[in-house]
Amino acid sequence: MVVGHGEATDSALVDSLLADRSLARIHDVGTAVRARRVAPLIEAGAAIVIAVPPRAEPLARMRSALDWLVGTYGRGVLSRTVVSISHQIPHRLVDLTPIREALTPLTAGFVEVPFDASLARPGTVDHRHLSVESIDAWTDVLDALGRIEAGHHDTVHRSGTEELA
């Protein structure tokens with residue numbers, strides 16, 4: 001589920017319905033980790049995806065959000081978190097190596113989605129026009145989420161004050 005701008009109970013209700021049906025509880029929160037509507041999802045142990053473009057300002061906001069997430073819920077919450085860096089232009093503006101190296105051992109997944117001209121066009125995305133590299137990247141996201149849903153995570157929520165490296 002992509003978590004939009006609805007009320008806090010909307011996302012919690014959807015998460016509850018998914019859990020009741022034994023369906024994957026995966027929520028794309030963008031970088032709105034601190035939003036009121038996201039707290040019930042994190043507290044319920046759902047997997048979250050943080051999607052961010054590879055530009056300095058959004059990456060700084062993501063780091064701040066991850067620090068808050070760890071400080072509020074403990075480092076274990078990162079084992080249910082997938083970070084997706086979605087390239088929106090053909091050339092790279094930021095070296096993601098240090099970010100990847102810091103987050104890969106802590107998160108359920110760190111995936112770079114390469115620039116894909118078919119995703120850059122306005123309108124509906126036609127999966128038949130996606131590049132192989134984009135499909136591979138989104139498959140990596142799904143694999144990380146599958147590992148979370150398969151139970152390879154800590155469901156105990158702890159408060160902590162750890163900071164990211």
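Trp138 is partly exposed, with a relative accessible area of 34%; here buried means under 20% relative accessible area, exposed over 50%, and partly exposed in between (1.4 Å probe, protein chains only). This residue is found in helix H6, residues 132-149. Helices (H or I, at least four residues) and strands (E, at least two) are DSSP runs numbered from the N terminus.

Together with Leu119 and Val125, Trp138 forms a nonpolar surface patch of about 240 Å² of accessible area. Areas come from the Shrake-Rupley method with a 1.4 Å probe, and for residues only the protein chains shown count as cover. Patches take residues with over 30% relative accessible area and no salt bridge, joining like charges within 9 Å and nonpolar side chains (Val, Leu, Ile, Met, Phe, Trp, Tyr) within 5 Å. A salt bridge is a side-chain nitrogen of Lys or Arg within 4 Å of a carboxyl oxygen of Asp or Glu.

## About the model

This is a predicted model, in which local features need pLDDT of at least 70 and side-chain atom pairs count only at pLDDT 80 or more, while totals for chains, interfaces and linings use all residues. Residues are numbered from 1 along each chain as its sequence is written, and side-chain values use heavy atoms, leaving out hydrogens and water.

## The protein as a whole

The protein has six helices and four strands, running α-β-α-β-α-β-α-β-α-α from the N terminus on. Of its 165 residues, 38% are buried.

## Helix H3

Helix H3 covers residues 56-73, and its 18 residues should span 26 Å at 1.5 Å a residue; the end C-alpha atoms are 25 Å apart, which agrees. The expected span is 1.5 Å times one less than the number of residues.

Its buried residues are Pro58, Leu59, Met62, Ala65, Leu66, Leu69, Val70 and Tyr73. Seen down the axis of H3, they fall within an arc of 135°, so they line one face of the helix; the arc is that of the directions from the helix axis to the C-beta atoms. On the other side of H3, Ala56 and Glu57 are exposed. Just after H3, Gly74 takes a positive phi of about 90°.

## Ala108 in its loop

Ala108 lies in the loop between H4 and strand S4 (109-113) and is buried, with a relative accessible area of 15%.
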